[in-house]
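This report goes through some features of a protein model, one topic at a time. Look at the sequence and the structure first, then read on.

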Amino acid sequence: MSHKKESPASSRRPRRRFLPALVVTLTGMALTVVPLSTANVATAATSSPQGKDTRVSAWSPSMTTGGPSFSNQTIRMVVHSSVTGSDVRITLSNRYSSTPLDVRAVDVAVQASGGEATRRTTRNVTFGQARNVTIPAGQEAVSDVVPISVSAGKNLLVSLYVPGTTGTSTWHSDAFDTTYIASGDHTGDNSPAAFGTTTTSWYYLAGLDVMSSTARGTVVAFGDSITDGYHSSTGTYTRWPDFLGRRLGAAPGPQKLSVVDAGIGGNRVLTDVANLWQGVSALKRFGHDALGQPGVKDVILFEGINDIGNNAGPDGRPLTAQDLINGYRTLIDKAHAAHVNVIGATLMPDEGNGYYTPAAETIRQDVNRWIRTSGAFDGVIDFDRTMRDPANPAALNPAYDSGDHIHPNDAGMKAMDDAVDLRLLHT
């Protein structure tokens, strides 16, 4: 292990001055179907005509292929908003399905508890002023504006009814929240009685954005299973991006940034994963999942341990540190071309996990050294320094270890949030 003097846990780089990005403001008066060719465009913070409110992403899981098929069922999902806002829009995604998706009805309501909606809060969701929408394979649909409000840290329920057989669904496998499923159309039900099946995945629902009177933009936490919240407690919102959203909300003055979680368990920077639900590479999904978020200002890039642990280099060859560095440079260039700051996070230790070998540890150390010292990122968060065992820097601190020696427990997730210097963000 290196004993060289290291930088503080979070370090700041000089900010680049960017011109405002050119954006197209989507109205709520027509169905917006977003093909893949236009999805990978950064969406800068957009203001209302009065210049008071900003549209930001409040919640947006990254989607993959390989989900189950549905037939004549209602899917009710919990959306945990990171910011206060109104004039909600939702995004339905059919990006990773091979057949058109017919959605007959969608509604949104304030959650009372579990799958129960608060009475008199249910609002119908329309697409081009129609209650039903058919989304072609490989595309997404953004709803009309829905007249409902949500507070930071509070939950909405989004229910969608699919009348036919969908085939393989576009989904987010590891939600660490509860989804409720019923036979038939129960989109308008306040009661959860008909929803006899539960899962811990999200299906087709890829985003919720709001107009905020305080938020100036969106922070995207982009990564793998650690960011996705693996081993965090279900339904408690104790992923490190959840903690970050709450800390931003608790800071003096109104909350100025929303936070969305673009983590996918098993995801890699350079290569696609054979397990389809673990997603295409970061190089392929970064434009859509990070830079495509409404109001995106900052991306926290924390990914690469799956590349190292699987020795997964480009073109099927063994991985080198330079391969991963080249991948980071590509993502940084994409972010800067979209006028978005990108903050790099060092990779955490994993001795005791099956990923660990002396050769893999050498690559991790080399990559972390580059993240800390290259100046390529607009800022650095040193998760490695924060999370390692003081007595054995190649391993996680036992107080933060969920038990598999790579994923943090809830206390570890909180420690990761504490390592983020808020001055790095556009607050």
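A residue counts as buried under 20% relative accessible area, as exposed over 50%, and as partly exposed in between, with a 1.4 Å probe and protein chains only. The model is a predicted one, in which local features need pLDDT of at least 70 and side-chain atom pairs count only at pLDDT 80 or more, while totals for chains, interfaces and linings use all residues. Residues are numbered from 1 along each chain as its sequence is written, and side-chain values use heavy atoms, with hydrogens and water left out.

**Loops and backbone angles**

Helices (H or I, at least four residues) and strands (E, at least two) are DSSP runs, numbered from the N terminus. Phe 176 is found in the loop between β15 (169–172) and β16 (179–183). Its relative accessibility is 13%, so Phe 176 counts as buried. Most residues other than glycine have a negative phi. Phe 176, however, has a positive phi, near 55°.

His 339 also has a positive phi, near 65°. This residue is in the loop between α6 and β23 (341–345). His 339 is partly exposed, because its relative accessible area is 34%.

The loop between β15 and β16 also holds Ser 173. Ser 173 is buried, since its relative accessible area is 15%. The side chains of Ser 173 and Asp 174 are joined by a polar contact of 3.4 Å. A polar contact is a pair of N or O atoms within 3.5 Å; within protein, one must be able to donate a hydrogen and the other to accept it, and residues adjacent in sequence count only if both atoms are side-chain atoms.

Thr 54 is in strand β4 (residues 54–59). With a relative accessible area of 11%, Thr 54 is buried. A polar atom of its side chain lies 3.4 Å from the backbone oxygen of Ala 215. Thr 54 and Ser 212 are 158 residues apart in sequence, but their C-alpha atoms are 5.2 Å apart in space.

Helix α4 (residues 282–289) is mostly covered, with 6 of its 8 residues buried. The buried residues of α4 are Ala 282, Arg 285, Phe 286, Gly 287, His 288 and Asp 289.

**Aromatic rings**

There are 10 aromatic pairs in the structure. Rings of Phe, Tyr and Trp (its six-membered ring) pair if their centres lie within 6.5 Å; planes under 30 degrees apart count as stacked, over 60 as edge-to-face and the rest as tilted. Two of the pairs are listed below.

| Pair | Centre to centre | Angle between planes | Type |
|---|---|---|---|
| Trp 240 and Phe 383 | 5.4 Å | 65° | edge-to-face |
| Tyr 328 and Trp 370 | 6.2 Å | 15° | stacked |

Trp 240 belongs to helix α3 (residues 240–250) and Phe 383 to helix α8 (residues 383–387), so this pair ties together parts that are 143 residues apart in sequence. Trp 240 and Phe 383 are both buried.

Tyr 328 counts as buried because its relative accessibility is 2%. Trp 370 counts as buried at 11% relative accessibility.

One aromatic cluster is formed by Phe 70, Trp 171 and Tyr 203. Elsewhere, the charged end of Arg 246 sits over the ring of Phe 243, 4.9 Å from its centre. A charge sits over a ring if NZ of Lys or CZ of Arg is within 6 Å of the ring centre and within 35 degrees of the ring normal.

**Cavities**

On a 1 Å grid over the protein atoms alone, a cavity is a set of points where a 1.4 Å probe fits but cannot get out, and lining residues have an atom within 4 Å of a point. Grid points are joined across faces, edges and corners, and a volume is the space filled by probe spheres set on the points. The structure has 2 cavities of 30 Å³ or more.

The largest cavity holds about 50 Å³ of space. Its lining includes Asp 224, Phe 302 and Met 348. The second largest cavity holds about 40 Å³. Among the residues that line the second largest cavity are Arg 76, Thr 122 and Gly 188. Two or more residues of this lining come from each of β9 (105–113) and β14 (155–165).

Terms used:
1 Å grid on protein atoms, 1.4 Å probe; cavity = no way out; pocket = protein on both sides within 12 Å on 5 of 7 lines; lining within 4 Å.
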